[in-house]
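Please look over the model below. A short report follows, and it begins with a question.

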Amino acid sequence: MPITEKPVSWRFEIDLPELGDEFATTEGHWELHDLQRRGEDDAAILYDGLTFRLASPLRIDAEAVWAGESLAVTIRLECGLSSQCSRCLEPAHIEILEEFMYLYSLRQDLKKRGTEEEADEFRTVRVPCWKGALDLSDQVFESLVLALPSRVLCAPDCRGICPGCGKSLNREECVCATQEIDPRFEGLTTVEFERQTE
């Protein structure tokens, strides 16, 4: 069953580095073999009209470090996904290896204080208070969705399918295109032309 929101069972928490220590870092590592856990049915992600399923485990690595009064968290995703080729509709494999940075802050006006260039480097998340651990679940799901392609190809040179008969042009040649005649010129097929000899 396709999902469009974070699975309710997802929970990825990372401990906060020691407050006041700008060199302290904490890390989190997780591995998922399906998109839902705890006895729920396996699921696929529905995104932009395409359905994506895990073809290899989703590996999530996170690292947190203080950046002034805010917490900078880098989320790295690695997995293989299967979907349907946008051209020929055959199964296609996609490898995902992406990294995203989030800045967690108590301030509301964080983006206004930074430059536009700085704002493009990370996504900001406001937190009400600092606790011993930070839940990254929403940002992990957001990162996964952002990493998904809007168009999937089984191969760069995929020829697609014939719009007339639906045959895969990757597997066989199709004569539909050569047999089709523009209705405006259909009358010309009955005209006989005389050949001139020199």
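Which strands do the buried residues of H3 pack against? They pack against S4, strand S6 (58-67), S7, S8, S9 and S10. The model is a predicted one.

## Overall fold

The chain holds four helices and ten strands. From the N terminus, the order of elements is β-β-β-β-β-β-β-β-α-α-β-β-α-α.

Of the 198 residues, 36% count as buried. Among contacts with a separation of 6 or more, 62% link residues 24 or more positions apart. The chain exposes about 13300 Å². Carbon and sulfur atoms supply 47% of that area.

## Helix H3

H3 covers residues 137-147. The helix is largely enclosed by the rest of the structure, because eight of its eleven residues are buried. These are Ser137, Gln139, Val140, Phe141, Ser143, Leu144, Val145 and Ala147.

The spacing can be read against helix geometry. An α-helix has 3.6 residues a turn, so residues three or four places apart point the same way. In H3, the buried set includes Val140 and Leu144. It also includes Phe141 and Val145.

## Glutamine 139

Is glutamine 139 buried or exposed? Its relative accessibility is 11%, so it counts as buried, the cut-off being under 20%. The residue lies in helix H3.

Its side chain makes a polar contact of 3.0 Å with the side chain of tyrosine 104. Beyond its neighbours within four places in sequence, glutamine 139 is in contact with Ile75, Tyr102, Tyr104 and Val125. Gln139, Tyr104 and Val125 are also among the residues that line the largest pocket.

## The largest pocket

The largest pocket has a volume of about 160 Å³. Its lining consists of Tyr104, Val125, Arg126, Val127, Pro128, Cys129, Trp130, Lys131, Ala133, Leu134, Asp135 and Gln139. Two elements give two or more residues to that lining: strand S9 (123-126) and strand S10 (133-135). The largest share, three residues, comes from S10.

## Alanine 24

Alanine 24 sits in the loop between strand S2 (13-15) and strand S3 (25-32).

How far apart are alanine 24 and valine 65, in sequence and in space? They are 41 residues apart in sequence and 6.3 Å apart in space, C-alpha to C-alpha. Leaving aside neighbours within four places in sequence, alanine 24 is in contact with Pro17, Glu18, Ala64, Val65 and Trp66.

## Positive phi in two loops

Aspartate 48 has a phi near 55 degrees, a positive value in a residue other than glycine. Aspartate 48 lies in the loop between strand S4 (44-47) and strand S5 (50-54). Its relative accessibility is 53%, so it counts as exposed, the cut-off being over 50%.

Leucine 89 also has a positive phi, near 70 degrees, and is likewise a residue other than glycine. Its loop runs between strand S7 (70-84) and strand S8 (91-105). Leucine 89 is partly exposed, with a relative accessible area of 46%.

Key:
Residues are numbered from 1 along each chain as its sequence is written. This is a predicted model: local features need pLDDT of at least 70, side-chain atom pairs count only at pLDDT 80 or more; totals for chains, interfaces and linings use all residues. Side-chain values use heavy atoms; hydrogens and water are left out. On a 1 Å grid over the protein atoms alone, a cavity is a set of points where a 1.4 Å probe fits but cannot get out, and a pocket is an open set with protein on both sides within 12 Å along at least five of seven lines; lining residues have an atom within 4 Å of a point. Grid points are joined across faces, edges and corners, and a volume is the space filled by probe spheres set on the points. Buried means under 20% relative accessible area, exposed over 50%, partly exposed in between (1.4 Å probe, protein chains only). Contact means heavy atoms within 4.5 Å. Accessible areas come from the Shrake-Rupley method with a 1.4 Å probe; for residues, only the protein chains shown count as cover. A polar contact is a pair of N or O atoms within 3.5 Å; within protein, one must be able to donate a hydrogen and the other to accept it, and residues adjacent in sequence count only if both atoms are side-chain atoms.
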